[in-house]
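Dear colleague,

I am handing over the structure we talked about, and I would be glad if you looked at it alongside the notes below. Please open it first and keep it beside you while you read.

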Amino acid sequence: MSAKPEIADFNDLFLSDEYKELLERKKAFEAPCTAAEVEEASAYSKSEAYKEKNFARNSLVVNPAKACQPLGSVMAALGFEKTLPFLHGSQGCTAYFRSHLSRHFKEPVPAVSSSMTEDGAVFGGMRNLIEGLENSVALYKPEMVAVSTTCMAEVIGDDLNAFIETARQEGAVGKDVPIPYANTPSFVGSHITGYDAMLKSILSYLYERSEDVAASSKADFAKLNLILGFEPYTGNFAELKRILSIFGSGYTFLGDQSGNFDSPAAGEYSYYYGGTKLSDVPKAASALGTISLQKYAVKKTLEYIQSGWSQQVVSMPTPIGIRATDRLLAAISEITGLDVPKELTEERGRIVDALTDSHNYLHGKRVALAGDPDLLLGLIGFCLETGMEPVHIVCTNGDKEFQQEAEGLLSSSPYGEEGQVHIGRDLWHMRSLLISDPVDLAIGSSHLKYAAKDANIPLVRLGFPIFDRHHMHRYPIIGYQGTLNVLSLIVNTVLQQLDDQAPEYGFDLVR
Amino acid sequence: MSTDLGSKQNLIDEMLEVYPDKARKDRSKHYEINDENLINCGKCSIKSNMKSRPGVMTVRGCAYAGSKGVVWGPIKDMVHISHGPVGCGQYSWGTRRNYATGTLGVDNFTAMQITSDFQEKDIVFGGDKKLEEICREIKEMFPLAKGISIQSECPVGLIGDDIEAVAKKMTAEIGIPIIPVRCEGFRGVSQSLGHHIANDAIRDFLMGRRELEECGPYDVSIIGDYNIGGDAWASRILLEEMGLRVIAQWSGDGSINELAIAHKSKLNLIHCFRSMNYMCTTMEREYGVPWMEYNFFGPTKTIESLRAIADRFDDHIRDNCEKMIEKYRIQMDAIIGKYRPRLEGKKVMLLIGGLRPRHTIGAYEDLGMEIVAAGYEFGHKDDYTRTFPDLKEGTIIYDDPSAYELEELAQKLDIDLMGAGVKEKYVYHKMGIPFRQMHSWDYSGPYHGFDGFKVFARDMDMTVNSPVWDLLKDPQRKAVSV
């Protein structure tokens with residue numbers, strides 16, 4: 001390659017004197033606050049008085065750690081084979097869901113909208129839904145269309161059932177195309193609520209429309225159903241499949257978005273990759289039981305499986321850590337009647353070994369956690385078993401039940417003594433917490449980076465969304481192997497910080 | 001019609017065959033192939049700014065995205081409330097890269113998600129009381145905020161809230177401008193109406209409201225530059241270097257004061273015509289401020305624009321302008337010398353908002369690249385008439401194409417580079433087609449001005465010529481079908 005001409009991009013360009021002066025000159029027209037005012041306000045924003053006011057907020061929400069229902073319904077739909085997510089409402093919502101998920105997974109996210117406009121507010125969205133079904137089936141040839149709603153359709157009260165029926169009567173869409181639907185208003189719950197609603201709808205719809213459930217084979221009765229829920233880690237699917245194949249257990253994933261969110265670059269694009277086979281859903285009703293690796297994200301789905309399929313259901317928060325994985329393996333063993341394989345017991349030993357190697361860098365580390373309820377419970381458990389101390393736990397979309405469970409978990413260990421669980425709070429609250437009572441590490445999504453920066457606390461990115469680091473979702477965080485990944489992330493962040501802050505004499509080669 | 005044009009028309013017709021009748025008829029009106037006639041007169045018949053067909057996977061967004069995401073969001077010293085449920089604000093939080101100086105959360109509120117997080121009770125009983133309280137709480141939490149904008153999400157307009165009354169009451173109570181913006185997502189057919197509504201709100205609440213202490217003969221404003229990756233800064237530096245004084249930036253790295261003083265400009269310079277032309281015509285009508293379009297993508301267009309701008313002033317400015325062009329020409333020649341041989345003849349396809357598909361043509365051409373198909377998500381007739389003359393004969397022009405159409409065309413035209421947004425990006429990676437995000441500059445930039453062109457050239461080269469694309473050719477497989 002020839003010599004490179006000097007090229008400065010935004011990282012360096014605007015730090016040059018020329019640009020610094022330019023920005024200084026611009027201030028003359030901004031009527032800006034004085035440096036003293038900014039300094040004062042900045043200091044105030046880091047004060048105890050500010051924290052008090054911050055926690056007294058009733059209505060204003062700043063930097064929440066949650067998204068809205070239909071984002072979850074899109075993810076749920078993409079967990080099924082050749083399924084097109086269809087959002088009934090304004091079209092901008094769909095553009096947002098697609099970009100949001102793409103930014104996390106670095107993958108395409110096919111989804112269509114019924115593109116309702118002002119006249120829809122007057123006449124309802126039936127014509128949009130019918131034409132939308134006709135067009136999307138013609139263009140994208142899905143085997144199933146999973147319909148959910150965005151605000152507009154919910155506020156005006158569109159009747160999805162009647163509209164879909166009309167679409168079929170008019171011949172816009174064939175009788176053979178299953179069209180489960182879910183109401184997913186963004187002004188109720190969060191993305192996990194929408195995931196739950198769509199998953200439940202898909203499972204119940206496919207089960208109920210199937211005529212020959214009795215056709216389940218012997219093998220189907222010996223299978224295990226697995227649910228990963230609103231799962232931003234494609235690596236978790238691979239890890240759980242690996243565990244099950246070591247067990248030698250047959251299984252069906254009820255929702256597996258890992259194909260769609262981790263498809264190969266091989267020269268062509270086909271819209272649909274992997275996913276739970278539609279025909280496997282009715283058969284899953286005959287399975288031995290269902291294990292769900294999220295509880296709070298799939299509440300209604302689990303209720304349905306328990307009552308509708310009369311099946312044993314075991315649910316647990318995201319199994320991060322040794323003990324949580326022990327419980328997962330025990331559950332698999334109990335339902336399938338298979339012993340925990342030696343290979344996994346040995347793996348357990350290796351990961352415990354890794355934890356013993358690193359314990360001295362984890363012990364007593366005070367951490368702050370933010371994320372979805374199931375992830376937080378998994379992380380709290382991991383912290384407690386490694387001697388880390390969860391201090392601030394913010395769960396914007398957590399309910400009272402979550403709070404009780406989290407507090408119960410914290411009180412089960414001396415390392416949980418300081419832990420405070422804040423439900424319904426946002427990352428601006430977290431900012432105050434991190435500043436007034438600093439911790440060693442913050443753990444959460446990319447959205448936590450602002451608060452962590454203001455408090456000068458290193459951030460370990462775990463959860464959703466992760467926009468500013470690549471490929472983290474490809475590595476599992478569940479099971480023994482996932483525990484190793486979580487451990488590596490955390491301990492190496494601690495070690496990096498030791499290097500960054502080391503005094504000259506203490507810049508150690510061996511740690 | 002020449003054979004080439006005929007075959008391209010066939011390609012489009014065949015591609016659209018898969019659509020049901022109604023949608024096919026509609027979609028076929030959103031295509032036109034450039035020919036000599038269109039190049040000369042620009043009078044095209046392509047349909048634009050119409051409703052997207054439901055279910056086709058349009059690339060478009062909504063009015064809220066146009067107002068909060070594009071026009072208002074970059075105003076750094078105001079707090080912008082995403083008024084309604086949590087999602088809209090969450091998805092548009094910090095993703096547009098409209099850079100601004102200041103301390104985030106203290107005197108700069110751009111990369112923040114401030115929302116009223118509507119719950120069911122707010123839908124049932126209305127959100128006006130909550131909005132009042134939110135304004136008070138913003139004043140408490142962000143004492144240096146110079147204003148508040150209320151960016152309406154869908155439910156607000158459907159449940160009959162009176163945000164205008166709340167804004168009026170709370171402006172009086174807390175003493176900073178509070179601006180209601182009726183940009184509910186269901187309004188209009190794309191982001192475009194949101195731009196217009198946002199412009200109207202600027203006109204009604206801020207434009208012309210403040211005076212400039214000292215006016216000068218060379219005062220200009222930059223209109224419609226959102227400072228993506230620092231674009232507006234890389235533009236401003238050129239205008240200042242030739243002796244002009246930029247008194248306002250709308251709206252990248254902008255401030256409420258700049259919105260209120262821009263009417264004192266001697267000349268308004270508009271980059272993104274689509275999203276802010278309304279304000280130029282308004283300021284011309286109400287304050288007699290003339291305006292002109294300019295294009296700072298690529299040296300050819302940048303130099304052309306700089307000269308055209310200088311021509312609106314005097315010899316002093318014209319001399320400065322020529323001196324500056326000479327200075328940068330050496331740098332630009334070096335860049336072109338390095339990158340043009342690597343990019344010569346590469347075929348490019350573009351689908352971007354309402355400006356860049358035409359504005360970046362020159363920059364690609366400076367690098368020897370050829371645009372084979374281009375179009376807008378939300379362009380209007382006046383954008384298309386400006387586009388045809390800038391493109392070669394045989395170029396396919398489309399309006400609001402679906403994901404399916406873009407993918408078909410990209411393959412049939414055997415392109416070397418696709419420029420669109422994040423929703424499109426990863427599809428092209430699967431297909432092995434080099435792709436650049438042309439909204440966010442793919443987390444790079446700036447692309448405006450001479451400094452920006454260096455980055456643009458580097459980026460196009462790294463993407464088109466990256467060895468990673470060769471890895472798609474799996475030796476175990478006979479051929480990779482594209």
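D400(B) is buried, since 26 other C-beta atoms lie within 10 Å of its own (a residue is buried if 20 or more other C-beta atoms, placed from the backbone, lie within 10 Å of its own, exposed if 12 or fewer, and partly exposed in between). D400(B) sits in the loop between β12 (396–399) and α19 (403–412) of chain B, where helices (H or I, at least four residues) and strands (E, at least two) are DSSP runs, numbered from the N terminus. The phi of D400(B) is near 45°, a positive value in a residue other than glycine.

This is a predicted model, in which local features need pLDDT of at least 70 and side-chain atom pairs count only at pLDDT 80 or more, while totals for chains, interfaces and linings use all residues. Residues are numbered from 1 along each chain as its sequence is written, and chains are lettered from A and ligands numbered from 1 in the order in which they are written.

Most residues other than glycine have a negative phi, and most peptide bonds are trans. Another positive phi, of about 45°, belongs to S310(A), which is not a glycine; S310(A) lies in the loop between α14 (299–308) and β9 (312–315) of chain A, and with 8 C-beta neighbours inside 10 Å it counts as exposed. In chain B, the peptide bond from W250(B) to S251(B) is cis, with omega near -5°, and S251(B) belongs to strand β7 (residues 245–251). The bond from G445(B) to P446(B) is also cis, with omega near 0°, and P446(B) is placed in the loop between β14 (435–437) and α21 (449–464) of chain B.

Next comes a pair of helices in chain A. The axes of helix α4 (residues 69–77) and helix α10 (residues 191–209) of chain A come within 6 Å and cross at roughly 40°, the axes being lines fitted to C-alpha atoms, for helices over the stretch in contact, with angles that run from 0 to 180 degrees between N-to-C directions. The two helices are therefore oblique to each other (angles under 35 degrees count as roughly parallel, over 145 as roughly antiparallel, 65 to 115 as roughly perpendicular and the rest as oblique). Of the 19 residues of α10(A), 14 are buried, so this helix is largely enclosed by the rest of the structure.

How many residues of α10(B) are buried? The number is 12 of its 15 residues, and α10(B) is thus described as mostly covered. Among the buried ones are H195(B), H196(B) and F205(B), and the buried residues pack against α4 (63–72), β5 (178–181), α12 (256–261) and α13 (273–287) of chain B.

Two single residues complete these notes. Leaving aside neighbours within four places in sequence, S235(B) is in contact with I222(B), D225(B), F296(B), H448(B) and G449(B), where contact means that the C-beta atoms of two residues, placed from the backbone, lie within 7 Å. V491(A), in helix α21 (residues 479–501) of chain A, counts as buried with 22 C-beta neighbours inside 10 Å.

With best wishes
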